[in-house]
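Try each task yourself before you read the solution.

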Amino acid sequence: MNSKLIEIKNVKKYFPVKGGVLSKTIGHVKAVDDVSFYIRDGETLGLVGESGCGKSTAGRTILRLLEPTAGEVIFRGKNIFEANQKDMRKIRRDMQIIFQDPYESLNPRLTVEDIVGEAFDIHKIATGKEKRARILKLLVTVGLRPEHLKRYPHEFSGGQRQRIGIARALALNPSLVVCDEPVSALDVSIQAQVINLMDELQEQFDLTYLFISHDLRVIKHKCDRIAVMYLGKIVEMGDKDEIYNNSQHPYTKALLSSIPTTKPWKKTERIILSGEVPSASNPPKGCRFNTRCKYAMDICRKVEPNFKDIGNEHFCACHLYD
């Protein structure tokens, strides 16, 4: 079993809510609220949940693209939340991100050579002919051609732009890559190509992925373990097969029941959740899922469930298993 590359411990990210004439802080949006998990070296951990559950915010907070409210992120034995700006720059060479929208994340005024080569300039790794040679090698690695070097983002398709984003993320030869819904903006046929490319690159460069997505079919194909997030908290986590074949949390079961089937003759129970996702600025007391859960008991509305191991490193936060 591989060692832990990164450990996320009790991470919180709150955004202040301003109000009144003086714009004083009158509350907080608890986008990420006491989240803990780990990722082993070389594995892919999937982070899933409905839109607005906080999974993208979690990914960006882990990389300190957003400054945390509380918690620790232990990367290679060091808490990066305590690192100063100089140390953080060194750490960033080992931690990169692939963004969701391949058009918005690329500077339209820069050529592909400038976009991919920017990391070499910032970290003073290569210049001149060596820099160009490394950029060309990266482009070929992600399935682009040398003649693309001097083109601008608007001259590419969505899939090609995402390949540019992947090349940029790999420029510094990182260990950890946070993939923030990297295929959700692409056509289904292109999604398959990009996912296959990411599989090849993971093996070639010995990468570790945090793969954020709301598409459970993609997660099933891509990930080794899965963490399910609801309203800022992890409610269930475990091995991929455990989650898909032996899910325990009512929210996870509802998510899995929404996956379109390729066998229409096989009857499956579709679980329809009632109501809307509560506001992260005023989450329900107790279990945050209690307002939409058909199994909710009195204790669910008063006491927050513990996130505990129910066997085989399968973790669940639900009073049904107390």
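Two strands pair if DSSP finds at least two bridges between them. Keep in mind that this is a predicted model.

**Exercise 1. Find the order of the strands in the sheet of four strands, and name its edges.**

Step 1. The open sheet of four strands has the order E2-E1-E4-E5, and its pairing is antiparallel.

Step 2. Strand E2 (24-40) and strand E5 (78-79) are the edge strands, as each pairs on one side only.

Step 3. Now look at strand E1 (residues 4-19) and strand E4 (residues 70-75): five bridges pair them in the antiparallel sense. Here Lys 9 has Glu 72 in E4 as its bridge partner.

Step 4. Helix H1 packs on this sheet and touches E1, E2 and E4. The direction of H1 makes about 115° with that of E1.

**Exercise 2. Describe how E1 and E2 are joined.**

Step 1. Count the bridges: 13 of them join E1 to E2, and the two strands run antiparallel. Pro 16, for example, stands opposite His 28 in E2.

Step 2. Follow the chain through the turn. E1 and E2 form a hairpin with four residues between them, and Gly 20 in that turn has a positive phi of about 85°.

**Exercise 3. Is helix H5 mostly covered or mostly uncovered?**

Step 1. Begin with its length. H5 (residues 158-170) has 13 residues and reaches 19 Å from its first C-alpha to its last, close to the 18 Å expected at 1.5 Å a residue.

Step 2. Check burial: eleven of the 13 residues are buried, and H5 is mostly covered. Among the buried residues are Arg 161, Ile 164 and Leu 170.

Step 3. Ask what covers them. The buried residues of H5 pack against E6, helix H3 (112-122), helix H4 (128-141) and helix H6 (188-205).

**Exercise 4. Why is the pair of rings in Phe 307 and Phe 315 called stacked?**

Step 1. The count of aromatic pairs comes to four.

Step 2. The ring centres of Phe 307 and Phe 315 are 5.6 Å apart and the planes are at 20°. Planes under 30 degrees apart count as stacked, so this pair is stacked.

Step 3. Tyr 230, Tyr 251 and Phe 289 form one aromatic cluster. The charged end of Lys 4 sits over the ring of Tyr 38, 4.5 Å from its centre.

**Exercise 5. Is Asp 215 buried or exposed?**

Step 1. Locate Asp 215 in the loop between E8 and helix H7 (216-222).

Step 2. Asp 215 has 18% relative accessibility, so Asp 215 counts as buried. The cut-off for buried is under 20%.

Step 3. Look across to Leu 255, 40 residues apart from Asp 215 along the chain: their C-alpha atoms are separated by 9.8 Å.

How values were computed:
Residues numbered from 1 in each chain as written. Predicted model: local features only at pLDDT ≥ 70, side-chain atom pairs only at ≥ 80, totals over all residues. Heavy atoms only, no water. Contact = heavy atoms within 4.5 Å. Axes fitted to C-alpha atoms, helices over the stretch in contact; angles between N-to-C directions. Expected span 1.5 Å × (residues − 1). Buried < 20%, exposed > 50% of the residue type's maximum accessible area, 1.4 Å probe, protein only. Phe/Tyr/Trp six-rings, centres within 6.5 Å; stacked < 30°, edge-to-face > 60°. Lys NZ or Arg CZ within 6 Å of the ring centre and 35° of its normal.
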